[in-house]
Amino acid sequence: MSDINPQRLLSDLRTLSAIGAQADGGVDRLAWSEADLAARRWFAERIREAGLEPRVDAALNVFGHMPESAGPRLLTGSHLDSVPNGGRLDGAYGAVAGLEVLRTMVESGEPLAARVEVVGFADEEGVRFAIGLIGSLALTGRDWQGDPISQVIASAGREVDRMLDAQQHMHSIAAFLELHIEQGPRMEAEGVDLAVVTGIVGVYRQQVRVIGSQNHAGTTPFRLRHDAGRAAARAAAGLRELVQNVDPEAVANIGAMQFDPGGVNVIPGRAAFTLEVRHLEESVVHRIVETFNTNLETISAEEGCRAETERLSWVPPARMDPAQMERLEAACQELGHEPARLWSGAGHDAAILARHVPTGMLFVPSIGGISHSPQENTSDEHLVLGARALLRGVRAAAAQIK
């Protein structure tokens, strides 16, 4: 059987990276921006040039399949949007590789091509509205609320009220395979060329507020202060040790902290920060959050303050389908590579699809473990290898669709 065209794959990735390109080599295709819309038009045109039928749904997901073919189909692809000044491969690689796989099957006249569909998902990153995976959520029947969303989506030619029309296509999707860069350092450190993903971590986010007493920093002794900033800083400083005591494989982050009123000579009367916790086991995530909140209450009381917490979001862990994992593993072995089995610490559209259809995911290494950065990169050899493995996995998975 024929194999993918490496030059065409790499050329498409270079062309796509020029849409929203930044001077430092980064890519800025913020969801719903003009650059994002241009990338979707480009992707639809590539689908059309391949002799496939492009379709853009109400959530701005771009699909491509053989004309006059009917479901059920195996879906493959990833997302086309980026974080601000992000990398050229996050999402884009899986979408372009999915197109190259289906293109190859069509060109070689494989009957299984009629059972395959490619997708470029919309707004996976969630940068604009603090919620991601919007395209895949809409496809599977989930929605959200908010005036700013309606304004931006309307400017992109879509209507929020019609967003859930995207789920009408879900009945024709029998399974999903996603190819992605690892976005971390494990594969490179271990000399692994391919990895089959076992699951995608759950992600818990909460808002924390510490309330103390604003006062003059020059006239108030330490022993008489109710310093909300100090309480927040103490809780943040102990986060790593707290998490590792619960589970060394878990991770957490405090990515933003504010003191109010923020004066150089004013004791903060209020402090606010966000907490994020990730792990493959739901029970571990909740144990970390509970332990952190108990510790926060103790510290706040010691500082003469009080704390409030509010859950912002909770995306449960998603396990990949064992049969799809085995097919992807066999695909890698067919190419002479023994893949690792790794869980994903980043969120992906596969996490949403996995709750509805049998889903599998494949990783290739990230150079230096860098992602969401202009320095994000993967060798051409690994990009080609991943697409070759995806092709074989798609063939095996599509053959099981009735």
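Colleague: Hello! Is the crossing in which helix 1 passes helix 2 left-handed or right-handed?

Modeller: Helices here are DSSP runs (H or I, at least four residues), as strands are (E, at least two), and both are numbered from the N terminus. A crossing is left-handed if the near helix is turned anticlockwise from the far one by less than a right angle, and right-handed if clockwise. Helix 1 passes helix 2 in a crossing that is right-handed.

Colleague: Before we go on, what pLDDT do side-chain atom pairs need in order to count?

Modeller: Residues are numbered from 1 along each chain as its sequence is written, and side-chain values use heavy atoms, with hydrogens and water left out. The model is predicted, so totals for chains, interfaces and linings use all residues, local features need pLDDT of at least 70, and side-chain atom pairs count only at pLDDT 80 or more.

Colleague: Thanks! Are helix 1 and helix 2 roughly parallel or roughly antiparallel?

Modeller: Helix 1 (residues 6–17) packs on helix 2 at about 155°, with the axes 10 Å apart. Axes are lines fitted to C-alpha atoms, for helices over the stretch in contact, and angles run from 0 to 180 degrees between N-to-C directions. Angles under 35 degrees count as roughly parallel, over 145 as roughly antiparallel, 65 to 115 as roughly perpendicular and the rest as oblique. Helix 1 and helix 2 are therefore roughly antiparallel.

Colleague: How far apart are the axes of helix 2 and helix 3?

Modeller: Packed helices are described by the angle between their axes and the distance between the axes. Helix 2 (residues 34–49) and helix 3 (residues 92–107) pack at an angle of about 10°, and their axes are separated by 11 Å.

Colleague: And which residues of helix 3 make that contact?

Modeller: Helix 2 passes helix 3 in a right-handed crossing. From helix 2 come Trp 42, Phe 43, Arg 46 and Ile 47, and from helix 3 come Ala 95, Val 96 and Leu 99.

Colleague: How many aromatic pairs are there in the whole structure?

Modeller: Rings of Phe, Tyr and Trp (its six-membered ring) pair if their centres lie within 6.5 Å; planes under 30 degrees apart count as stacked, over 60 as edge-to-face and the rest as tilted. A search of the whole structure gives this number of aromatic pairs: three.

Colleague: Is the pair of Phe 121 and Phe 176 stacked or edge-to-face?

Modeller: The ring centres of Phe 121 and Phe 176 are 6.0 Å apart. Their planes stand at 70°, so the pair is edge-to-face.

Colleague: How many residues apart are Phe 121 and Phe 176?

Modeller: The pair links distant parts of the chain. Phe 121 is in strand 4 (residues 116–121) and Phe 176 in strand 5 (residues 173–181), and the two are apart by 55 residues.

Colleague: Is Phe 121 buried or exposed?

Modeller: Buried means under 20% relative accessible area, exposed over 50%, and partly exposed in between (1.4 Å probe, protein chains only). At 0% relative accessibility, Phe 121 counts as buried.

Colleague: What is the angle between the planes of Phe 273 and Phe 292?

Modeller: Phe 273 and Phe 292 form an edge-to-face pair, 6.3 Å centre to centre. The angle between their planes is 85°.

Colleague: In which helix is Phe 292?

Modeller: This pair also links distant parts of the chain, 19 residues apart. Phe 273 is in strand 12 (residues 270–279), while Phe 292 is in helix 9.

Colleague: What is the C-alpha separation of Ile 288 and Ala 250?

Modeller: Ile 288 also has its place in helix 9, and its relative accessibility of 0% makes it buried. Leaving aside neighbours within four places in sequence, Ile 288 is in contact with Leu 242, Val 243, Val 246, Ala 250 and Val 277. Ile 288 and Ala 250 are 38 residues apart along the chain, and their C-alpha atoms are separated by 8.8 Å.

Colleague: Which residue is joined to Asp 260 by a cis peptide bond?

Modeller: Most peptide bonds are trans. Here a cis bond, with omega about 10°, joins Asp 260 to Pro 261.

Colleague: Last one: what is the phi of Asn 85?

Modeller: Asn 85 lies in the loop between strand 3 (73–79) and helix 3, and at 28% relative accessibility it counts as partly exposed. Most residues other than glycine have a negative phi. Asn 85 is not a glycine, yet its phi is positive, at about 50°.

Methods: Contact = heavy atoms within 4.5 Å.
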